[in-house]
Amino acid sequence: MISAGVEDEEKWLAAGITGLQQNAFYMHRALDSNNLKDALKYSAQMLSELRTSRLSPHKYYELYMRAFDELRKLEIFFWEETRKGCSIIDLYELVQHAGNILPRLYLLCTVGSVYIKSKEAPAKDILRDLVEMCRGIQHPLRGLFLRSYLSQVSRDKLPDIGSEYEGDSDTVADAVEFVLQNFIEMNKLWVRMQYQGPALEKEKRQKERSELRELVGKNLHVLSQIEGVDLDMYRNTVLPRVLEQVVNCKDELAQYYLMDCMIQVFPDEYHLQTLDVLLGACPQLQPSVDIKTVLSRLMERLSNYAASNTEVLPEFLQVDAFSKLNSAIGKVIGAQVDMPVVGVVTLYSSLLTFTLHVHPDRLDYADQVLGSCVKKLSGIGKIEDSLATKQIVALLSAPLDKYNNVTTALKLTNYSSMMEHLDNATNKLMASIIIRSIMKNHTHISTGDKVEALFDLIKGLVNDVDGKCEDEVDEEDFKEEQNSVARLIQMLHNDDPEEMFKIITIVRKHILAGGLKRLSYTVPPLVFSSLKLVRRLQNKDENGAGEEAAATPKKIFQLLNQIIEVLSNAPAPELALRLYLQCAEAANDCDLEPVAYEFFTQAYILYEEEISDSRAQVTALYLIIGTLHRMHIFGVENRDTLTHKATGYSAKLLKKPDQCRAVYACSHLFWAGDPEGMRDGERVLLCLKRALKIANAAQHMANVTRGSSGSLTLFIEVLNKYLYFFEKGNAQITVTTIQDLVELITTEMQSDSATHDPAADAFFASTLRYIQFQKQKGGSVSEKYEPLKV
């Protein structure tokens, strides 16, 4: 059925074009022979093709444009005839004898255009006559195109200021009246189209009308281009007449389009000065009109107007634009009780953008907008509509983008209340936007109150929302979110130790309530921020009043112990062990031996009870040995206890090579780098001998399991340790001991059962070259190495 209708329409269009072209041909021939009578006859027959009711607006427009092109040629002919002496008045009368009214009116408009151009009569009289004559066509489609033609041929002949058609009897008011009358009649015809035809084709007619909207809107564009339409005329004549027609037509499509068209075509200054009148019409529109888009575009234009020229800002204050817009939005929402949430939020989002552009220094205005939006959304709870939540994100992001400072947003008392309406996923998105703003602008949140307010805003990232676990969240997204929180914690700073300690305490409260899964991301930055504070305090006197202060190294270490203890239960024992050792080193620098010992004790407990993976044990043990080697605060008893434990752990590692390397690493615990520190040569030698024994056992095991002696890498590594302590002056490491070890390695490498290992060979050769280099170096070093034979 539809395809058949389309084919029929194509046939009707083709037939109309054929008839139009045939009559146009005869019209041209008559024009060429200066036969006015035949020219009018064939032009009327040509225009009769526009009387059809079978074509859709789109097809009718195609036919109309062909007729329009021919009429322009006819108009040129009429003008040339008048210049040759033909009476334009007689011609104006003559064309009115055409048989059918539609061709007659097209010809009348064409001759009327030439009549005005000839200036033989006042333009206002001819325009008034033409606009009244066009009332004779009441068919919506044919009438719209006829009046569109009238508007087209007359737009350059209006009696405007500076126009050649302006005179004593022709004024701007006449031009405005003509355009307004034509606009009103065209709008009536356009609206009437909606109610012609069966109800089942309502949507089709709506679409067809939408295609014709620019025919009506062009009148408003013509009005805006009239030079004589100043602010007073716009306020007193144009705006009231247009708004009256818009409100009274009671048509959804017409009201939306014409309101939007008015906002777009007339100057921003006019809108500002007549804001109350324009806004007063909004609540009177049909409830189904998309007024949010209209008002949003109005506020956008006014915002851009304010941004483009700061000199106009006093005008905004003078007319109290903010209050009028805020009041109008409230009335519109009240009038349209079924307005969806997205519409409400969009309106307030546009108002906030307007406020931030026009009144950037008035935070109370911005907070008032947020408060009004919160009030309108009260009782709704969390919003699930994705379009609405997107608009809320835009609303909340506007202050961040404008001020580039989150601390300004924190001053808005209704900001957090607005975030309460976001669903969990969007709440987290908004929290991420806030953190990114802080990172981008390097904003330092420097007081405890601001930190409390900030963490209230980003609680979607810090806590399990509504008690729900994050197990179902994508792992990569979760990591990215928590890493952003970690970076945020590093940005929190205050030079005052007391206030900084308060900030740390507040952050601790929030992150410990955030669930075990987050702790491995959020605890480390908090620990290191706390240690920064410790470093700042370590040189300060802690006696007297200092003990009563909130921020002392001892109190901070107590706090850290509690935080890391929670992390060790996360479970993240390896990370907790690293943090314990970091704290122990900081306590060492503060000369707090009991505190440092306690941190080491906790690290050892984690090593024994929680770390079972062999690779993790090796890594952890190296960390323990390295940290313990740097400690200088421990007394003999405590140090012996800790070093004994470390050497014991080394001997209990699963793999022999790991045992060997850990044991010879322990030798450094007995030989401090500082000459005034502990240096026990015998225990160093004992560790190295034990390492050799383990290396020998490892080689023997390889011989039993593989039938070869295995690699000698461990022996060469131990040899290098011997050389290190030999150079450092350990009297227990003698030339004989080193010589014996070199010969042992050489013999083993040359044996038949030795496994060829290029890496070990190169390592040993490099070691021997080093010995030769030291022998040739000269001085005391050369004397020490001289007895060695390699």
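# A predicted chain of helices

Asparagine 34 is partly exposed, with a relative accessible area of 46%, where partly exposed stands between buried (under 20% relative accessible area) and exposed (over 50%), using a 1.4 Å probe and protein chains only. The model is predicted, so local features need a pLDDT of at least 70 and side-chain atom pairs count only at pLDDT 80 or more, whereas totals for chains, interfaces and linings use all residues. Residues are numbered from 1 along each chain as its sequence is written, and side-chain values use heavy atoms, with hydrogens and water left out.

## The chain as a whole

The secondary structure of the chain comes to 39 helices and zero strands; here helices (H or I, at least four residues) and strands (E, at least two) are DSSP runs, numbered from the N terminus. With a radius of gyration of 46 Å, well over the 28 Å that the globule rule gives for 790 residues, the chain is more spread out than a compact globule. That radius is taken over C-alpha atoms, and the globule rule is 2.2 Å times the number of residues to the power 0.38. Taken along the principal axes, the C-alpha atoms fill a box of roughly 135 × 70 × 55 Å. Of the 790 residues of the chain, 51% count as buried.

## Two positive phi angles

Most residues other than glycine have a negative phi. Asparagine 34, although it is not a glycine, has a positive phi of about 55°, and asparagine 34 is found in the loop between α1 (2-32) and α2 (36-47). Histidine 442 also has a positive phi, near 50°, and is likewise a residue other than glycine. Histidine 442 lies in the loop between α22 (424-441) and α23 (448-457), and at 57% relative accessibility histidine 442 counts as exposed.

## Salt bridges

Side chains of opposite charge can pair when their charged atoms come close. The structure holds 28 salt bridges, a salt bridge being a side-chain nitrogen of Lys or Arg within 4 Å of a carboxyl oxygen of Asp or Glu. In one of them, glutamate 132 pairs with arginine 135, the closest N and O atoms being 2.9 Å apart. Glutamate 132 is partly exposed at 34% relative accessible area, and arginine 135 is partly exposed too, at 38%. Glu132 and Arg135 also belong, with Glu185, to a network of salt bridges.

The side chains of lysine 428 and glutamate 481 meet in another salt bridge, at 3.5 Å from N to O. Because lysine 428 lies in helix α22 and glutamate 481 in helix α25, this pair ties together parts that are 53 residues apart in sequence. Both lysine 428 and glutamate 481 are buried.

A further salt bridge joins the side chains of arginine 661 and glutamate 717 (3.0 Å, N to O). This pair links distant parts of the chain, with arginine 661 in helix α34 (residues 656-666) and glutamate 717 in helix α36 (residues 713-727), 56 residues apart. Arginine 661 counts as partly exposed at 24% relative accessibility, while glutamate 717 counts as buried at 14%.

## A patch of negative charge

On the surface, Asp474, Glu476, Asp477 and Glu480 gather in a patch of negative charge. Patches are made of residues with over 30% relative accessible area and no salt bridge, like charges being joined within 9 Å and nonpolar side chains (Val, Leu, Ile, Met, Phe, Trp, Tyr) within 5 Å. Lys and Arg count as positive and Asp and Glu as negative, with His and the chain ends not counted; the place of a charge is NZ of Lys, CZ of Arg, CG of Asp or CD of Glu.

Leucine 253 is found in helix α11 (residues 252-265) and is buried at 14% relative accessibility. Leucine 377 is in the loop between α18 (363-376) and α19 (386-403), where leucine 377 is buried at 1% relative accessibility. Leucine 623 lies in helix α32 (residues 614-630) and is partly exposed, with a relative accessible area of 28%. The table pairs each leucine with another residue.

| Pair of residues | Apart along the chain | C-alpha separation |
|---|---|---|
| Leucine 253 and glutamine 96 | 157 residues | 36 Å |
| Leucine 377 and valine 485 | 108 residues | 29 Å |
| Leucine 623 and glutamine 582 | 41 residues | 9.9 Å |

Note on methods
Accessible areas come from the Shrake-Rupley method with a 1.4 Å probe; for residues, only the protein chains shown count as cover.
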